[in-house]
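Please look over the structure below before reading the notes that follow.

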Amino acid sequence: MVLQLGAKSPQHVSYGDITCILCSELKGIVTSDPDISNALFLDEQDSFRDRLVPHSLRGSIFSVTPKFEYSADKAYKKRLQKVKDLGKKITEHNWRRKLDRSDPLYKDLAADQGKVAEEKETNKVEARRKEGTSLVYGATIQLQLTGTNKFVSQAKNRARLDKLAMQIELAEGGGDGS
């Protein structure tokens, strides 16, 4: 169940709306402490009425965004991983210093990084373009923790309580599982 804080009506949800995720069965609200970890947890409420006050409101408010594109970012990270697999101590942050500018790998990584920047800008433009537009049934969305660049994402590990479910967490910048 989702509570729309910024929606025009309970039946009308738009891109850019602010939401909190409620779990009526367990009487709580999904929240996080983004300064400490990327974990999401249920903040149980003593009284589950119309007014819920999570202990950390900052970690409980999400913005509805369109599903962003991550193909360039994925290709860039895949190329970096291939380099690491070859035994080179290259990271996302040091490859410009470690590789020679004449190296074809340097040129490929620079081109990939440019594509990632373009992709991020396209995602921002698309989010601004769609803001205020009503969601249609079946639309794929992402939930972004307000005030951060973190998105609700599916982790690679199984959930602790339900082994058939996947764990969810906050992922910096989002990704395919967001």
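A search of the whole structure, which is a predicted model, turns up two aromatic pairs. A pair of aromatic rings is described by the distance of the centres and the angle of the planes.

**The pair Phe68 and Phe151**
- Phe68 and Phe151 are arranged edge-to-face, with 5.8 Å from centre to centre and 85 degrees between the planes.
- Because Phe68 lies in the loop between strand S5 (62–66) and helix H1 (71–85), while Phe151 belongs to strand S7 (residues 150–158), the pair ties together parts that are 83 residues apart in sequence.
- Phe68 is buried, and Phe151 is buried as well.

**The pair Trp95 and Tyr106**
- The ring centres of Trp95 and Tyr106 are 5.2 Å apart and the planes stand at 65 degrees, so this pair is edge-to-face.
- Trp95 sits in helix H2 (residues 95–98) and Tyr106 in helix H3 (residues 104–130), 11 residues apart, and the pair thus links distant parts of the chain.
- Trp95 and Tyr106 are both buried.

**Helix H1**
- With 15 residues, H1 reaches 21 Å from its first C-alpha to its last, which is close to the 21 Å expected at 1.5 Å a residue.
- The buried residues in H1 include Ala72, Asp73, Tyr76, Leu80 and Val83, and they cover an arc of only 105 degrees around the axis, which puts them on the same side of H1.
- Lys74, Lys78, Lys82 and Asp85, on the other side of H1, are exposed.
- H2 and H3 are among what covers the buried residues of H1.
- After H1 comes Gly87, which has a positive phi, near 95 degrees.

Technical notes. Residues numbered from 1 in each chain as written. Predicted model: local features only at pLDDT ≥ 70, side-chain atom pairs only at ≥ 80, totals over all residues. Heavy atoms only, no water. Phe/Tyr/Trp six-rings, centres within 6.5 Å; stacked < 30°, edge-to-face > 60°. Helix = DSSP H or I, 4+ residues; strand = E, 2+ residues; numbered from the N terminus. Buried < 20%, exposed > 50% of the residue type's maximum accessible area, 1.4 Å probe, protein only. Expected span 1.5 Å × (residues − 1). Arc of directions from axis to C-beta. Contact = heavy atoms within 4.5 Å.
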